[in-house]
Amino acid sequence: MFLILVCVLQICFLGICSIFQTQNIRAILAEREFAAASCLLEKGVSPELVASAWSHLKPVSVSGIFILPAAGLSFALVILAGTAVFLWKRERIYEEAGQVIAYYAEGRFGKHLPAGQTGTLYQLFGSIEQLAQSLQSKSEMEHKAKTFLRDMISNISHQLKTPLAALSMYMEIITEEPWNEEEVKNFSQKSMQSVERMKDLVHALLKMARLDAGSITFEKRDCLILDIIEQGVSDLMERAKCEDKQILLDGKQEEKLFCDPRWMREAVGNLVKNALDHTAAGGVIRVSWQETPVVFRLTVTDNGSGIEEEDIHHIFKQFYRSKSSGERQGAGLGLSLARSIVEGQGGNLSVESSLGEGSRFCMTF
């Protein structure tokens, strides 16, 4: 409406200007005619001849009055047509943007706002896109959190079901045969084992939950790697001895690693425990470390049963247990916890294995 009003005023202004201009031109022509007639009369030309000559002249055309208004009208129509096309295209952009923003509000991020051009409008679209990406990331995190919580509850109930059932059975046997001292002692020990298994499972689940939630801050410092490994496997040395297995350490004593020693002990202990679980009597578990100008590498190698090819890509998943695990104790959290600890400190945990020949887990920092 503003542009239309401006164009109408422009046409009116040009029309008024053309009228005044035409009047000025008529006045000038009249003066020239008077001057020419006076000159002719002074030269002796008869008045009748002068009047006859002037009577054969055509009158001044007034069509020029409309030239400027017509030009103004044409110019105004061009401006209005261009403006209409521009506003129509801009309205299409607004409609498209409104649909995309409505999709964003519904949590669907498959479409995107127009981009690739300059201007304040496209800067606004760019800011909305950044906001949409933040919303998408938040939505994905919430979805992952819900999925993790659902899976965690399901896995906890599944993992606790077996030791609880065993504990209930042991208590029932003890209650039914309180006079049988040998049975009471035997099933009391088994009850304690079930309780310890549940305690270890709960502790492992709490650690995994804290790591996945990002609520753990690793307190890293330069530590002697030998001290970390010795403390991480100290509780497993007795088990290895009882099972006729060996745990060997191989590396320079003075080498250090910038890490959180408490969590690194947990990661090393989990890898060694996993190696013990899958190594038969007489087997050897070797923990070695080496620092190069590029990386620090710590490996846990065993000569146990190895990992099947179909399982090797899944062993770091929570609660994953391969078919070859059989009746071995464990909830399938050790390797997942170890990887979370290593990656949380900027490292990488990988595995190489040959079925029947053993496995090699490698931490790289």
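**Entry 1: helix 8**

Is Glu 343 buried, partly exposed or exposed? I looked it up: Glu 343 is partly exposed, because its relative accessible area is 41%. My cut-offs are under 20% relative accessible area for buried and over 50% for exposed, with partly exposed in between (1.4 Å probe, protein chains only).

A note on what I am reading: this is a predicted model, where local features need pLDDT of at least 70 and side-chain atom pairs count only at pLDDT 80 or more, while totals for chains, interfaces and linings use all residues. Residues are numbered from 1 along each chain as its sequence is written, and side-chain values use heavy atoms, with hydrogens and water left out.

Back to Glu 343, which forms a salt bridge with Arg 339, the closest N and O atoms being 3.3 Å apart. I count a salt bridge when a side-chain nitrogen of Lys or Arg is within 4 Å of a carboxyl oxygen of Asp or Glu. Both residues belong to helix 8 and sit four residues apart, about one turn of the helix. Arg 339 also counts as partly exposed, because its relative accessibility is 28%. For helices (H or I, at least four residues) and strands (E, at least two) I follow the DSSP runs, numbered from the N terminus.

I found an open sheet of five strands in the order 2-4-5-7-6, with mixed pairing. Two strands pair if DSSP finds at least two bridges between them. Strand 2 (246–250) and strand 6 (348–354) are the edge strands, each pairing on one side only. On average, neighbouring strands of this sheet are turned by 15 degrees against each other, direction ignored. I took axes as lines fitted to C-alpha atoms, for helices over the stretch in contact, with angles from 0 to 180 degrees between N-to-C directions.

Then I asked which helices meet these strands. Helix 7 (residues 261–277) packs on the sheet and touches strand 2, strand 4 (284–291), strand 5 (296–302), strand 6 and strand 7. Its direction makes about 170 degrees with that of strand 7. Contact here means heavy atoms within 4.5 Å. Helix 8 (residues 334–344) lies across strand 6 and strand 7, at about 140 degrees to strand 6.

How many residues of strand 7 are buried? I got five of its seven, so I noted the strand as mostly covered.

Strand 7 (residues 358–364) runs antiparallel to strand 6, and seven bridges join the two. Here I found Asn 348 opposite Thr 364 and Ser 350 opposite Cys 362. The hairpin of these two strands has three residues between them, and Gly 356 takes a positive phi near 85 degrees there.

Strand 5 is also antiparallel to strand 7, with six bridges between them. Thr 301 has Arg 360 in strand 7 as its bridge partner. The side chain of Arg 360 also meets that of Glu 352 in a salt bridge (3.9 Å, N to O). Glu 352 is exposed because its relative accessible area is 51%, while Arg 360 counts as partly exposed at 30% relative accessibility.

**Entry 2: salt bridges elsewhere**

I searched the whole structure and found six salt bridges. Arg 239, Glu 243, Lys 245, Lys 273 and Asp 277 are linked in a network of them. Within it, Glu 243 bridges to Arg 239, with the closest N and O atoms 2.9 Å apart. Both count as partly exposed: Glu 243 at 28% relative accessibility, and Arg 239 at 25%.

I also checked Asp 244, in the loop between helix 6 (225–242) and strand 2. Its phi is near 60 degrees, a positive value in a residue other than glycine. Asp 244 is exposed, with a relative accessible area of 53%.

Ile 174 lies in helix 4 (residues 120–176) and counts as buried because its relative accessibility is 18%. The C-alpha atoms of Ile 174 and Ser 188 are separated by 7.7 Å, though the residues are 14 apart along the chain.

Ser 191 is in helix 5 (residues 181–213) and is buried, with a relative accessible area of 5%. Leaving out residues up to four places away, Ser 191 touches Leu 167, Tyr 170, Met 171 and Ile 174.
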